[in-house]
Amino acid sequence: MGGNEIEDDEQRLRIVALRNIESIQIARQREERELLEAKESLQRRTHELEQQREWFEVTLASIGDAVITTDVHSHITFLNPIAEKMTGWSRSEASGEPLVRVFEIFNEDTGAPVESPVTKALQSGQIVGLANHTSLRTRKGGVIAIEDSAAPIRDRQDDIVGAVMVFRDVTDRRQADRQLKRSESLLADFFENAAVGLHWVGPDGIVIRVNQTELDWLGYTKEEYVGHHISEFHADKAVIDDILERLSCAECLQGYEARLRCKDGSIRHVLISSNVLWEEGKFIHTRCFTRDVTAQKAAEIALREEVVVRKQAEAALRDADHRKDEFLATLAHELRNPLAPIRQAVLISKSVDATDAQKRWSHDVISRQVHHMSLLLDDLLDVSRITRGVLVLRTEMKTLASIVDAAVETARPTIDAKKHRFFVVLPKEPVVFAADPLRLAQVLSNLLTNAAKYTDAGGEIRLQASSLADHVTVSVSDTGIGIASDVLSKIFDMFSQVQPSQDRSEGGLGIGLALAKGLVELHGGTIQATSTGLGKGSEFTIRLPRATITQVKHASPLGERGEAVGRRLMIADDNRDAADSLAMLLRLEGHDVVVAHDGREALEKFISLAPEVAILDIGMPVLDGYEVARRIRQEPSGRSVTLIAVTGWGQDSDKAAALAAGFNHHFTKPIEPDQLSLVLRPEPTRKSI
């Protein structure tokens, strides 16, 4: 190889080396440029990150909630000012501290520690919220009610590098919630225990809610009431339809009366006040207040009934007062009627020109009229005894025919005087039953006499009787003036008359039918009046049980008639005419009689004369008859004397008072001479009280 070749090779090597060096320089320059660009890019990125961090911190510092960030180990990396204020830790003090030291939370109800939501977020990688009722204990020991949430912080590779927690002070809201719950509790308590019934009803009529008060009233359980249509509990379907219709038209109800049906079937009266809850024009439900007024309703009904009864009583009282006035006027009329013929008969008897026949006639008139007055007074006494339940029947087994005969005999003069056609129809077989013959005859004669009085002359009267195994029926019918329908229900009332007394001439006290009714009922029977109207006659029907008795009680006679024996008598009465006339009658019977006109005179004459019998008026001046009798019984001669009380008072209490004062007998005025004669027979110890 020559030298030129070697030089060429070296030249080529130098050229290659230079090219390699040039390439290296170019690559190095390129790398330097890339490194510079990378450095510049890193500087820009670092600046951007610094700006982002500043923005992030400014943002977190600016928001209204407290914010704490931690690293992956739950050490604090950041607190915003709100978090600093709430925890009491500054950012510099808290930075790097474990979260549990700065953020100490517990359950406000139990006081038990609560796990931090950051721990849960780091563990689960999910957003986590605190449980309710959580409170934060501050660095200085204060307590703040909070609510918060925590979320994990992830890098670009989605790895968790820390956590951020946001929380806020909810103390005011928590107090408001508690107050709201308390209010709701109080409202619920009010709803359940209100004094009035409460229920809500939907627009379809279904009960949505009801309180216990209403359930207790009606007797249902909540399950039996809620979910059911309200019409099931209303007694009147039209009422609930009306209520729902009114409410659907936005009408409020106040004091609407209704009747609710209880579970046991009873009815409660209520007043309903109701309105509707509307939302956006839609009917949501009614709110009904139900006040139980059953007691008030019953009281109102009772009051109305009481008012009606009171008005009826007032009307009855006015009617009774009117009838009493009529009765008193009639009584005065009936008592004056006999006085006129008595006075005229007395004048005839005293006339020097009167013949013996005229004098006998006048005496008969006086006797007959006095007897009539006695019957009037006896009727009054009988009605009084029946009313007080003290009249006792003297029952014995009698034939119906004998009782009817006695009644007809009494009524016959009145019937014959008006020339009535009179028929008696009795069963063919004898009818025997237990009755007081005198009282039953009194009833029938009263009915016959009334029929005769109220039937025009020549009319027809019929007494008809029938008998079955268990009862006897007797009816008295006539063709007389009849009875108006409005009078039939009152015909047996005391002092009731078919016509006002001034419109008729027959007289009567208006007590005859009341007496008849009382006597029939004492026999265990009934009496009924019927009439088809005025002018169409009337019929009175008596129905009596056909009873029997095993032992007949007879009244003991006052005495047996025997030969008259003159006795030594004293009469004491402040009515001189009564005393002197009775003395004259007794002297005519052969008695020795002395007369006194007041109680003191009677006592003096008894002590001086020692009579065998003393007839004493009760209502005497100075000393009354009771006191005279008591003082006489204290005298030695007064132990065996027969004392007879004669008075206008004939009640049982009057008889008892006479017996207590020492009297042996008690007679009401005017005394029957025959009765007195029986007593004056020589049996001075027999009593007729």
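Trainee: Which residues does His471 touch, not counting residues up to four places away in sequence?

Mentor: This is a predicted model, so keep that in mind. His471 touches Arg543, Leu544, Pro545 and Arg546. The C-alpha atoms of His471 and Leu544 are separated by 5.5 Å. Along the chain these two are 73 residues apart.

Trainee: Why is His471 called buried?

Mentor: Its relative accessibility is 10%. Buried means under 20%. His471 therefore counts as buried. The residue is found in strand β17.

Trainee: What makes the pairing of the His471 and Asp470 side chains a polar contact?

Mentor: The distance is 2.8 Å. The cut-off is within 3.5 Å for a pair of N or O atoms. Residues adjacent in sequence count only if both atoms are side-chain atoms. Here the contact runs from side chain to side chain.

Trainee: Which residues of the largest nonpolar core touch the most other members?

Mentor: Leu400, Phe433, Leu447, Leu448, Ile461 and Ile542 do, in a core of 40 residues. Among the elements that each supply at least two residues are α12, α13, α15, β17 and β19. The largest share, eight residues, comes from α13.

Trainee: What does Leu400 touch, leaving out residues up to four places away in sequence?

Mentor: Leu400 touches Leu426, Pro427, Val431, Phe433, Ala465, Val472 and Val474. There is also a second, separate core of 25 residues. That core includes Leu215, Leu253, Cys262 and Ile272.

Trainee: How many residues of each class are in the lining of the second largest pocket?

Mentor: The lining has 20 nonpolar, seven polar and seven charged residues. Pro counts as nonpolar and Gly as polar. In total, 34 residues line this pocket. Val370, Ser581, Leu585, Pro670 and Ile671 lie nearest its centre.

Trainee: Which element gives the largest share of that lining?

Mentor: α11 does, with nine residues. Others that supply at least two residues each include α16 and α20. The space in the second largest pocket is about 1,300 Å³.

Note on methods
Residues are numbered from 1 along each chain as its sequence is written. This is a predicted model: local features need pLDDT of at least 70, side-chain atom pairs count only at pLDDT 80 or more; totals for chains, interfaces and linings use all residues. Side-chain values use heavy atoms; hydrogens and water are left out. A nonpolar core is a set of buried Ala, Val, Leu, Ile, Met, Phe, Trp, Tyr and Cys residues joined through side-chain atoms within 4.5 Å. Buried means under 20% relative accessible area, exposed over 50%, partly exposed in between (1.4 Å probe, protein chains only). Helices (H or I, at least four residues) and strands (E, at least two) are DSSP runs, numbered from the N terminus. Contact means heavy atoms within 4.5 Å. On a 1 Å grid over the protein atoms alone, a cavity is a set of points where a 1.4 Å probe fits but cannot get out, and a pocket is an open set with protein on both sides within 12 Å along at least five of seven lines; lining residues have an atom within 4 Å of a point. Grid points are joined across faces, edges and corners, and a volume is the space filled by probe spheres set on the points. A polar contact is a pair of N or O atoms within 3.5 Å; within protein, one must be able to donate a hydrogen and the other to accept it, and residues adjacent in sequence count only if both atoms are side-chain atoms.
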